Amino acid sequence: MKIDKNIPIPSRSKSKGMKRQTMYDRYGFIFDLEDGDSLTCNRNMKTNYENFCKKESIGFTTRWVDERDWKVAGYLDDGNYRIWFFPSQKK
């Protein structure tokens, strides 16, 4: 085992800024969409899009669009959701 000494701890604001930049890089295309544009994604990605939209006050709505019943597959990671974005309707 190797022990490193005198390694500075990065500040919290810098690490948050790096995460925020990554979030904008990944989901920033939403700002360029027109009202009513949509995409299909799985449950995990739906949650990421929702969190970004809530943080940026972008209007959106989601619906279950999988052929399987939501009660059967709604909590599975491979379930399909459609998200409609309304970027001009800032809250």
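Glu50 is found in helix H2, which covers residues 43–56. The model is a predicted one. With a relative accessible area of 13%, Glu50 is buried, because buried means under 20% relative accessible area. Apart from neighbours within four places in sequence, Glu50 is in contact with Phe60 and Thr62.

Strand E2 spans residues 59–64 and pairs with E3 in the antiparallel sense, over 6 bridges. Within that pairing, Thr62 has Ile83 of E3 as its bridge partner.

What are the two faces of strand E3? In a regular strand the side chains alternate between the two faces of the sheet. In E3, residues 81–86, the covered face consists of Tyr81, Ile83 and Phe85, while the uncovered face has Arg82, Trp84 and Phe86.

The loop between H2 and E2 contains Ser57. Most residues other than glycine have a negative phi. Ser57 is not a glycine, yet its phi is positive, at about 60°. Is Ser57 buried, partly exposed or exposed? Its relative accessibility is 26%, so Ser57 counts as partly exposed.

How values were computed
Residues numbered from 1 in each chain as written. Predicted model: local features only at pLDDT ≥ 70, side-chain atom pairs only at ≥ 80, totals over all residues. Heavy atoms only, no water. Buried < 20%, exposed > 50% of the residue type's maximum accessible area, 1.4 Å probe, protein only. Helix = DSSP H or I, 4+ residues; strand = E, 2+ residues; numbered from the N terminus. Pairing = 2+ DSSP bridges. Contact = heavy atoms within 4.5 Å.
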